[in-house]
Amino acid sequence: MRVYLSSPWIPAEWVRAHQLEPRGLWFAENLRCGIPSISAGVCAWAEGVVRFAGAQPDSAVVFTTACDQLRRGFDAATAHGGSGAFLFNLPATQTSAARQIYRAELERLGRFLLELGGRTPTPEVLRHEMLQADEARERLREAAPNASARSLAEAAARLFEQGVFSAPSAFIPRDCTPLALLGGPLSAPDWDLFDTIEAAGGRVVLNAMENGERSLCPKLRNADCPQSAAHTHAVPSPIPSPILMGEGQGEGIDSDGRGEGQGEVRVPNFGFRVATPRTPEAAVGFDERVAATDALAAGYFENITDVFQRPNTRLHAWLRPRLVSRGARGIVLRLFTGCDLWRAEAESLREAFGLPVLPLETADGAGISAHDVNRLEAFVETLQ
Amino acid sequence: MNALPGKLNLSEWDDRYEQLRAGGLSEPAYGGPLRRHVIRERDFRLEQLRFDNSPAALRLWNFLLTENERLHQARARGCQIVGTMKDLGTVPVMAYSLPGVRAFYPDGAWWTPCLMECSDRLLQQAEAMGIDASFCPVRAMLPAFLNGEHFPRPDLLVCSTGAVCDDFSAIAQRLEHLGQPVLWWEMPRRRQPVAGEISCGLPGQLVAPEIQVACVRSELQRVGQALGELARRNLDDVLLAEGIRAANRVRRLLQTLRTTVYTAPAAPLPALEMLVVEMLAIHFCSDREEALAVLEGLLAEAQSRVRQGRFVIEPEAARIFWVNPVADLRAMNLLEDFGGRICGSDFMFAHALDLIPEDLPPLEALARTALADPMVGPTSDRAARIIRECQAGRAEAVVISRIPGASHCAREGEIICGLVREKMGIPAIELEIPPVCDALLPALGSRLQALMETVRARRTR
């Protein structure tokens with residue numbers, strides 16, 4: 001079954017490890033970011049995701065809380081039922097409480113994946129997926145500075161969906177103005193933007209879109225060494241997932257803790273229980289599973305680099321050295337109509353990096369208007 | 001001196017004020033004629049509003065309109081000023097638990113363009129800072145912060161983030177980029193516990209998994225430490241418990257007032273005053289003790305009017321449940337002009353009206369209360385409460401006022417309207433109300449008129 005993720009900050013390898021097929025919503029062929037509700041202030045991207053979720057009975061869609069529009073889009077998508085949708089709480093801060101929320105959400109997503117027909121990942125499978133994705137990301141990161149922008153976007157898409165590295169074609173040097181492309185998700189129909197920028201005399205030297213280079217997390221700590229991870233930062237899972245408990249366990253319990261039974265451990269200060277394995281078979285690999293999941297959660301949580309974070313200094317810290325090393329002379333800010341988070345960032349980007357910023361707004365995430373082509377050409381011309 | 005209940009415009013209030021003064025009206029230090037707010041503060045919008053004619057309402061308005069002045073005075077007396085943003089009701093309870101600390105919501109500046117009829121040019125200044133008209137009018141907060149001409153710059157600025165409005169979050173981030181440090185704290189999106197999770201009851205008949213309560217509790221602990229450092233005093237459980245009891249005194253009074261007004265056979269107080277008075281719940285309008293006194297005065301007035309069967313709105317007025325605060329205060333007058341009255345409300349902070357549990361450790365109680373925020377959970381939860389309160393108030397229709405540019409308004413109205421129609425079978429409409437709605441009066445009037453006609457037609461079926 002296909003599981004469409006609306007954010008690269010949800011590990012695709014977690015879905016693959018459950019024997020399901022992760023897909024990036026931004027690559028979905030039939031994602032149509034619509035405009036009927038635009039006048040009512042609905043973000044075109046969120047609207048597209050809601051419609052997509054409603055039209056895919058055989059697939060699942062994972063929304064996130066990264067923005068209010070997607071969060072409430074989930075409410076709209078599930079207003080009349082809809083078991084194929086899941087809302088992942090992506091924390092905005094980087095506090096220890098936020099870290100726990102992220103870890104717990106990964107477990108909760110795991111339960112959802114099992115309900116969809118996925119299989120409980122063994123530690124070996126999970127570790128394999130993590131290492132493979134890790135290695136692929138590393139290779140793509142290394143290739144990025146010299147890659148053709150469009151080819152890099154395509155390679156990132158393949159990596160996300162298949163977890164493997166495919167080499168992007170190299171950029172052919174010529175006289176052009178180096179630009180950074182920044183913003184939220186860049187859907188596949190919008191990849192023509194790379195060609196349009198090149199036709200205007202520019203070149204995207206930094207693809208800092210949500211599903212671009214930003215999503216290529218650095219190597220996950222302890223991904224290949226689960227035992228040590230367990231000792232260094234393993235936090236007991238707040239949700240007694242089937243991964244930890246064995247399937248078929250866990251009824252709701254109230255805040256007095258009623259419902260606890262033998263073989264369960266209450267974790268002080270966290271207010272949740274963790275089941276210890278009940279059978280010798282289940283106990284095999286228990287620590288390794290916990291450790292591998294911890295490593296995955298920590299690796300992603302520590303590398304989320306996005307505009308919705310508060311403060312979003314990590315985004316600026318990520319951009320600064322890359323803008324300098326790639327020699328970007330301007331920033332093209334690609335944003336969806338109705339996206340407050342990126343729109344508000346334009347002025348801060350100008351101030352922070354001393355670079356001109358060209359906001360290019362799209363209502364449907366597909367292509368660029370003639371008016372905006374004009375603006376883009378003028379932008380590049382002024383930077384030459 | 002005692003007049004029949006009614007509504008007065010500003011000029012009529014000038015005369016009324018003189019009569020009251022001549023009759024020996026006793027006022028607090030911030031008292032005075034309403035007119036002075038137009039002259040001194042350029043609150044021109046007051047000239048377009050109609051106010052309740054009671055001394056209790058006068059005190060309420062003067063309390064509201066002197067908030068910035070009182071905050072400056074408090075600072076001059078050595079008080080620490082805390083700006084608290086977005087959570088609407090929780091952090092101020094903590095701040096007021098500490099002696100010498102006052103908390104206010106810079107978010108409140110969203111009414112400044114309305115009150116000053118945009119003569120302050122805050123919205124234009126916000127646009128020059130990169131926050132244009134596609135954002136909620138709360139963007140007025142940004143230049144107000146930086147120019148210091150309204151509220152004092154706080155000694156500590158706290159903002160909840162996570163499951164909050166995008167526009168607000170973006171504006172607050174812009175503020176930080178412009179040099180104002182912000183203490184961010186995480187508010188997860190409330191959800192139902194799943195099988196196996198410990199479930200915690202929250203105020204407002206809600207539940208959340210313990211891990212979310214623990215998250216908020218630990219975040220509030222961080223906020224509490226910062227407040228304690230500011231006040232140079234540990235914000236311990238004893239202080240917090242007393243702060244919660246004091247907040248609950250305000251909430252109890254407000255609950256009684258709402259019940260008195262919303263369930264009376266006709267409205268003993270106007271919708272506009274009810275909107276303003278409900279706002280006292282979130283941060284006590286920067287003075288907790290005085291907020292109690294203001295509430296007591298209004299409650300006494302409302303109860304007296306109900307006893308005497310004297311009302312400001314006719315009994316046949318359509319009973320309307322109102323959702324969301326209005327960017328232009330005049331909209332509340334309009335509702336009554338077209339034959340409606342308020343019989344219930346959700347001004348986005350229902351959790352600040354509920355009592356904070358006093359039988360739990362204080363931080364736990366505050367965490368549960370914060371998580372009960374209608375804006376951090378599923379829209380269906382908010383709709384469920386609205387429906388319950390519509391039933392209690394025998395609402396005949398629901399009006400959802402959209403706030404221009406507010407990200408939550410993009411979706412929630414449609415969902416709430418749908419659920420209200422489905423569960424209650426009463427009409428529900430959305431109205432978008434800008435900070436100064438004069439240009440839209442014909443359109444707004446038509447929609448409200450049509451709604452009232454629908455309500456009346458349904459009565460005769």
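**View 1. B:Gln80 stands opposite B:Val101 in strand S4 of chain B.** The model is predicted: local features need pLDDT of at least 70, side-chain atom pairs count only at pLDDT 80 or more, and totals for chains, interfaces and linings use all residues. Residues are numbered from 1 along each chain as its sequence is written, while chains are lettered from A and ligands numbered from 1 in the order in which they are written. Strand S3 (residues 80-85) of chain B is joined to S4(B) by 4 bridges, and the two run parallel. Strands (E, at least two residues) and helices (H or I, at least four) are DSSP runs, numbered from the N terminus.

**View 2. An open sheet of chain B has 4 strands in the order S4-S3-S5-S6, with parallel pairing.** Two strands pair if DSSP finds at least two bridges between them. Strand S4 (101-104) and strand S6 (183-187) of chain B are at the edges with a single partner strand each, so one side of each has no neighbour in the sheet.

**View 3. Domain 1 (74-239) and domain 2 (251-459) of chain B come from the domain assignment, which is automatic or from a database.** In chain B, 43 residues of domain 1 are in contact with 41 residues of domain 2 (C-beta atoms, placed from the backbone, within 7 Å). Helix H10 of chain B gives the largest share of the domain 1 side, 6 residues. The C-alpha centres of the two domains of chain B lie 22 Å apart.

**View 4. Chain A meets chain B through 51 residues of chain A in contact with 49 residues of chain B.** Elements of chain A that each supply at least two residues to this side include helix H3 (68-77) and helix H4 (96-115).

Definitions and conventions:
Two residues are in contact if their C-beta atoms, placed from the backbone, lie within 7 Å.
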